[in-house]
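Hi,

Here is the structure I promised to pass along. Have a look first, and then read on for what turned up in it.

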Amino acid sequence: MNAIPQKQTAHKSIIKDLSLAPLGYRKLEWVSQNMPVFNILRKEFAADLPLKGKTIACCLHLEAKTGFLLQTLQTAGANVVACASNPLSTQDDVVAALADSGITVYAIHGENAEEYQRFMEMTLEAKPDAIIDDGADMVTMLHKKHLEQAHHIIGGCEETTTGIVRLKSMDKDGSLLFPMMAVNDAYMKYLFDNRYGTGQSVWDGINRTTNLVVAGKNVVVVGYGWCGKGVSMRALGMGAKVIITEIDPIKANEAIMDGFTVMPMAEAARLGDIFITVTGNINVIRKEHMQVMKNNAIMANAGHFDVEVSKGDLHNLAVSTRVLKNNIEEFVMADGRKLYLLAEGRLVNLAAGDGHPAEVMDLSFSLQALSLLYVIQNRSQLSPQVYNVPQEIDYRVAMLKLQALGVKIDSLTEEQEHYLANWDTNL
Ligand code: NAI
């Protein structure tokens with residue numbers, strides 16, 4: 001693929017077009033109005049400047065909500081440098097507004113694999129004190145190619161399930177060189193972002209791309225984790241007949257009790273009209289499944305990397321391919337069947353949509369910001385390993401969200417506290 005024409009801005013950013021900034025500013029304004037928790041924190045950060053003098057490198061999906069996170073880190077006093085965590089999720093207008101507001105950004109929608117790597121390298125050239133990663137690509141690059149620099153990183157935060165799986169394997173074999181906060185594993189993250197955020201935005205991406213009816217169709221959701229639960233729940237709400245495939249017997253039981261049909265992919269492949277992969281795993285839809293799919297079957301992925309639907313197998317099986325419409329690629333099989341892949345098999349909610357709703361990212365990014373401060377402020381007590389977000393941070397975000405919603409809850413009486421804390425209390 002040819003490199004895309006790039007514009008170097010006054011702030012050394014490499015973006016598509018700085019003149020798109022006004023559009024980006026309006027998108028940022030819209031999301032900021034719908035992120036009440038983050039706005040409370042933003043006011044505190046503006047007053048206290050807790051990141052003053054620190055350089056924070058971010059490898060994230062560069063759209064409006066993330067843009068507001070970057071601006072907030074800047075408000076907290078940080079020098080912010082960013083690159084994309086996926087070549088298709090970058091919104092050029094948002095990136096232009098960020099570059100215009102003094103954040104250094106290296107990202108262009110549709111950047112090729114070489115550019116993706118080079119932009120990440122350039123981000124690391126800013127010699128960050130801490131990082132925010134999504135999928136652990138930046139952590140991996142630091143450990144593989146910039147070991148010297150990795151030794152100087154205070155720590156960082158990881159946004160998604162797949163990134164944490166990678167970090168835990170680095171932690172396990174002793175190769176992780178700085179502490180990383182597993183933001184994905186906080187309750188206020190996965191219960192809302194993965195389940196409700198992915199649940200809604202995946203369908204937004206699929207519906208706006210295909211503009212087809214969902215009711216009455218067989219929707220196969222591959223993986224019944226937190227994201228899969230959300231995607232299935234919303235499919236059911238639109239009237240689909242939902243089939244789940246799993247490899248975990250507990251999740252499979254959960255799916256059955258939630259009212260779904262469970263079967264192996266070899267069977268589901270013959271029935272599905274729309275397939276959505278959300279496993280964080282590789283080749284969960286592959287040759288033998290594609291060979292038995294119905295004519296016009298549609299495949300989409302919502303897992304972090306574009307490896308869940310085997311694109312290699314699709315290309316090998318196809319006698320011809322064409323892009324039928326933006327984000328819809330057609331693969332004609334030797335027997336005449338046509339199969340469709342959305343958004344090149346990349347996260348369909350981000351590559352073919354605007355990602356999660358702002359109210360959901362309000363929670364995830366509040367956790368991100370507070371976890372980043374935690375790792376920086378507690379650097380002397382933390383060793384190079386993967387840490388859970390402290391419960392106080394999770395609860396603080398939960399309470400702030402209730403406050404923003406105007407919802408009050410009860411608290412324990414002294415008697416109840418005593419009862420719960422003592423196993424031998426007389427009844
Ligand atoms: P999870 O770990 O809760 O669920 C994954 C599920 O997939 C598990 O139940 C596992 O048993 C199942 N699975 C693994 N291999 C399978 C196979 N071969 N066939 C069927 N099922 C299989 O993970 P979570 O949080 O649901 O995340 C899933 C993926 O989505 C990850 O890559 C994560 O990074 C990504 N993600 C994407 C988001 C988006 O905006 N699209 C948002 C949050 C996470």
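The C-alpha centres of domain 1 and domain 2 sit 29 Å apart. Before you read too much into that, bear in mind that this is a predicted model. As for which residues belong where, the domain assignment gives 18-189 plus 356-405 to domain 1, and 197-351 to domain 2. So that you can find it on screen, domain 1 is the one written as two stretches of the chain.

Now, how do the two domains meet? On the domain 1 side, 16 residues are in contact with 14 residues of domain 2. Together the two domains bury about 1200 Å² between them, and carbon and sulfur atoms give 64% of that area. Three residues stand out on the domain 1 side: Leu 88, Thr 162 and His 356 supply 45% of the area that domain 1 buries against domain 2, more than any other three residues.

What about charges and polar groups there? There are zero salt bridges between domain 1 and domain 2, while three residue pairs are in polar contact, with both residues at pLDDT 80 or more. Sorted by class, the face of domain 1 that touches domain 2 has eight polar residues, four nonpolar ones and four charged ones.

Then there is the ligand. Which residues are closest to it? Thr 160, Thr 161, Thr 162, Glu 246 and Asn 349 are, out of 28 residues that surround the ligand.

A few distances are worth checking on your screen:

- Glu 246 has a polar side-chain atom 2.5 Å from an oxygen atom of the ligand.
- Lys 251 also places a polar side-chain atom by a ligand oxygen, here at 3.1 Å.
- His 304 uses its backbone instead: a polar backbone atom lies 3.0 Å from an oxygen atom of the ligand.

Taken alone, the ligand exposes 860 Å², and the protein buries 87% of that.

Cheers

Methods
Residues numbered from 1 in each chain as written. Predicted model: local features only at pLDDT ≥ 70, side-chain atom pairs only at ≥ 80, totals over all residues. Heavy atoms only, no water. Domains from an automatic or database assignment. Contact = heavy atoms within 4.5 Å. Buried area = accessible area lost by both parts, 1.4 Å probe. Salt bridge = Lys/Arg side-chain N within 4 Å of Asp/Glu carboxyl O. Polar contact = N/O pair within 3.5 Å; in protein donor to acceptor, adjacent residues only side chain to side chain. Nonpolar A, V, L, I, M, F, W, Y, C, P; charged D, E, K, R; others polar. Near = heavy atom within 4 Å. Areas by Shrake-Rupley, 256 points an atom, 1.4 Å probe, with all protein chains shown as cover.
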